[in-house]
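Thank you all for making the time this morning.

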Amino acid sequence: MVQASENDILSIGGVLNDSARPLKERFRALFTLKNIGGPTAIEQIHACFKDQSALLKHELAYCLGQMQDPAAISILTNVLEDLSQEPMVRHEAGEALGAIGVSSVIPLLEKYCKDPVPEVAETCELALNRLKWLESNGNVKDTKNLYFTIDPAPATEITDVNVLRNILLDESKSLFDRYRAMFSLRNLGTTESIIALSEGLKAGSALFKHEVAFVLGQLQNEVCVPGLQASLEDTDENEMVRHECAEALGSIATPECYEILNRYLNDSKRVVRESCIIALDMCDYENSTEFQYADTLAKLPIV
């Protein structure tokens, strides 16, 4: 954790909660609070759930999950239960509850596995399976994950790309098994495994495809740019998928990615427009020499 005084944390929280500040500054403040951790940082993140940006709110939930502090459980529970929150925000709250890894939330997740919103129901099913897997495997950590993230499913022991690809693309298999194959392919990190992952952008639910895009962003390999571009450009695609494709392109940060993202700064979907703003900021920092977060959405500098 980053060391910071109470006044520093409140000052950073002030940036996060100031809707007049540029979105990219608020994202940097959020990731700084995530890295600091502790009760005051959690309180500052909690306060921001009243914001109008679904993109920002979903990232608040993500960060609370990655912090793995049980103090955030009640906050995330309220977000999941709040039907006025956008589906992508409620989905991220469910995933975060699974990421924290406390079995007391199992009854809650079981309830919301039946949610009428598919992205929420599927997420809660995944989170539930993760917690049950952890219980039965002694909370073992994924030592092959080099990305410092708490994943919604553990990787498998399988290393054969063809076998993993078949599981990934088989929509008759459980979502949990397909996610496990996804993270195994990511951990392999070869061109062959990345190409297999890219095929997942066209295979399955919006939730599944958005996670594939997220993983491709972690890998930061140019080979997946065409697939990410195609999904971002598909205006019939779910906005959750398109947003994640934009951020993945920001993480890859080639000149081609800059060009693609600039074309969608005026997209009809707010979450896509805002994702392109954040993604372009990610591009800038990927190509700078400044300190960067080794984090998931972006590698953003501490404010």
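When I call a residue buried, I mean that its relative accessible area is under 20%, while exposed means over 50% and partly exposed covers what lies in between, all with a 1.4 Å probe and with protein chains only. Please keep in mind that this is a predicted model, in which local features need pLDDT of at least 70 and side-chain atom pairs count only at pLDDT 80 or more, whereas totals for chains, interfaces and linings use all residues. Residues are numbered from 1 along each chain as its sequence is written, and side-chain values use heavy atoms, with hydrogens and water left out.

Let me start with the annotated site. Which residues does UniProt list under "binding site"? The record, an unreviewed entry, lists His-58, Glu-59, His-91 and Glu-92; its positions are given in the numbering used here, its feature names are shortened, and its annotations may be inferred rather than shown by experiment. These residues span 35 residues in sequence, yet no two of their C-alpha atoms are more than 11.0 Å apart, so they gather at one spot.

His-58 is buried, at a relative accessible area of 4%.

From the helices I turn to the loops. Gln-68, in the loop between H4 and helix H5 (73-81), has a positive phi of about 55 degrees although it is not a glycine, and Gln-68 is partly exposed at 34% relative accessibility. Ala-253 also has a positive phi without being a glycine, near 60 degrees, and it is placed in the loop between helix H14 (239-252) and helix H15 (255-262); Ala-253, however, is buried, with a relative accessible area of 6%. Gly-189, in the loop between helix H10 (175-188) and helix H11 (191-199), is partly exposed at 37% and touches Ile-194 and Leu-219, not counting residues up to four places away in sequence.

Next, the cysteines. How many disulfides are there? The count is zero, taking a disulfide as a pair of cysteine sulfur atoms within 2.5 Å. For Cys-48, which is buried at 2% relative accessibility, the closest cysteine sulfur is that of Cys-63, 11 Å away and too far for a bond. For Cys-283, buried with a relative accessible area of 0%, the closest cysteine sulfur is in Cys-257, at 5.9 Å, which is likewise too far for a bond.

Finally, the overall picture. The protein chain has 16 helices and zero strands. Its radius of gyration is 18 Å, close to the 19 Å that the globule rule gives for 303 residues, so the chain is as compact as a globular protein of that length; the radius is taken over C-alpha atoms, and the rule is 2.2 Å times the number of residues to the power 0.38. The C-alpha trace spans about 50 × 45 × 35 Å along its principal axes, and buried residues make up 57% of the 303 residues. Of the contacts in the chain with a separation of 6 or more, 66% are between residues 24 or more positions apart.

Terms used. Helices (H or I, at least four residues) and strands (E, at least two) are DSSP runs, numbered from the N terminus. Contact means heavy atoms within 4.5 Å.
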